[in-house]
Amino acid sequence: MKLKRTLCLLLALLLLLPLALPAAAADPTTRNYDRETQLGYALAALGLFQGYSGTDLGLDDAPTRTQALVMMLRLMGLEQDALAENSAPPFEDVPADSWAAPYVGYAYAHGLTRGQSETLFGGDARADARTYLTFVLRALGYEEGENGDFRWSSPVSLAQKAGIAPDTVRFSDFRRADVVTVSYAALAAERKGQNGETLAQSLIARGVFDASALGKYYDPDALTNRAMASPWAENVTEYYNSLRVREGIDISGLPLSYHNGVALIGDAGYELFGFIASNADRTAAQIAAGAAAVEGKARVFGIIVPNRLGAVLSYEDGARLCRSEKDETETIAYFNAAMGDKAIGVDAITNLRLHNDEYIFFRTDHHWTALGSYYAYEAWAKAAGKEPVPLENFDTKEYTGHLGLFNELCGHPAAMRANPDTVVAYMPRSSFTCEPENAMDFSGWDYNTFLGGDRAITTIVNNDIPDESACVLVKDSYGNPFAVWLTQHYHTVYVLDYRYYRNLWDRLTFSQFADEKGVEDFIILLPMTLSMNPYTANCLALYCQ
């Protein structure tokens, strides 16, 4: 079933979840798959169901005979046996090297299925409701035939008595969504002649999943209530996100070339990187030192920002383009661990990857967009125990025609020049007093619209926040749009560009900021490549004390 399919658009479920599961692509006038999407991912978490990709369960498709057969083997707890036995099927239409071969070969060898003829299995043929109900009844220990429990031509009556055919199943229009419903219901059904043992209990006994996993993902009332309730819904959403985070935008078929450390794919540039443990350790050690210096007085957050490559491409495509010892997700996890237990490492990359089909990085520039910085801000807010301010609370200003650094590094390719970037700024509706004055007027063109560009120190006072709260943001140009979000949580935001602040004779250390300015939070935000530059660590050493 591991077929490739174009990613579906994500549709919100009718549940108030932090990140909602997608509804399957379907004609809204005919079928709605919100519940089946939840149930499908619950089954996937238990190892009983697979989609075409992590985020496409293919619920609107009709199941094939092969898919139905594989589901039967899973519900019988025999999938691993089939893969281990790896029997060659005797059918011309099931090649020995195909993904389906061990399943079909095992089922045929053990008398669990027959072909459409002696030479053809017919695995691509549609499996109707009768076929799938028969397979599931077999998994429950029932037998068909003249002297059996039911006839293959009419399994519905027994299926309803066994509790595996809820009233939402469409027998005349049977689809993969119905496979999910029947399979989910079957977990609570009793197996024939097993003293009340349910199918789920038999699968636990066979080691397919354990009781804790069943309790985490299986809501016994989901079919009755027409939706999964908390906490099962949240657990399934978390599992879905673990799949979603691995996927990226589709770059198949696009031209690829390399230019000065940048991979040009179509009209977009992707900055390459290489993990260097010693340099990562040096930077992380400075963040740890800063946290130790203000322990008991203030918090220190470390945010390593991925490149476009690490945030937007799938894990597989990223690894193919950038052969590094660690990918960017692993690198950020390494950084967060190396910062020590006194600093708070922020997992920004996960939230960025969950939005990687949005405009979160420029195509012609190495920077992220303001929207990308917002999703990292959401991750920081969660780590800081703060409620992120919704985007609708900001006004916007756009600048079109932006061609950034990648355009130069790639030799001004026609594809980029034909499709330049748009810079979108999000402007708070607060009253500010700033030094310099233009820091929050968003009048600059291109990336300089944020804070009016880079300088050693920028001070922003939000006059609408009456307390004395204060934070320090240590950054390079990546941090400019990020500073905007911080102004909604602190009376004063000190923005330090570590590349220039080092040159001030009256610069303050973290300890001095905490003691003299009452700073309660320090946020160190570094882009992936520069976080492993020795120069960055040398700069941080001047303040992280």
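**Arg-175 and Asp-60.** I started with Arg-175 in this predicted model, and I found it buried, at a relative accessible area of 16%. Its salt-bridge partner is Asp-60, with the closest N and O atoms 2.2 Å apart. I then checked where the two sit: Arg-175 is in the loop between helix 6 (156-162) and helix 7 (176-186), while Asp-60 is in the loop between helix 1 (34-45) and helix 2 (65-75). That puts the partners 115 residues apart, so I noted a link between distant parts of the chain. Asp-60 reads 27% relative accessibility and counts as partly exposed.

**Asp-357 and Arg-244.** Next I looked up a salt bridge between the side chains of Asp-357 and Arg-244, at 3.6 Å from N to O. Asp-357 belongs to the loop between helix 16 (348-353) and helix 17 (370-384), and Arg-244 to helix 11 (residues 232-244), so this pair ties together parts 113 residues apart in sequence. I got 48% relative accessible area for Asp-357, which is partly exposed. Arg-244 is buried, at 4%.

**Glu-36 and Arg-35.** Is this pair buried or exposed? Glu-36 has a relative accessible area of 8% and is buried; Arg-35 also comes out buried, at 8%. Their side chains meet in a salt bridge of 3.9 Å, N to O. I kept in mind that 4 Å is the cut-off, so this pair qualifies.

**Tally.** How many salt bridges does the count come to? I wrote down 25.

Methods
Residues are numbered from 1 along each chain as its sequence is written. This is a predicted model: local features need pLDDT of at least 70, side-chain atom pairs count only at pLDDT 80 or more; totals for chains, interfaces and linings use all residues. Side-chain values use heavy atoms; hydrogens and water are left out. Buried means under 20% relative accessible area, exposed over 50%, partly exposed in between (1.4 Å probe, protein chains only). Helices (H or I, at least four residues) and strands (E, at least two) are DSSP runs, numbered from the N terminus.
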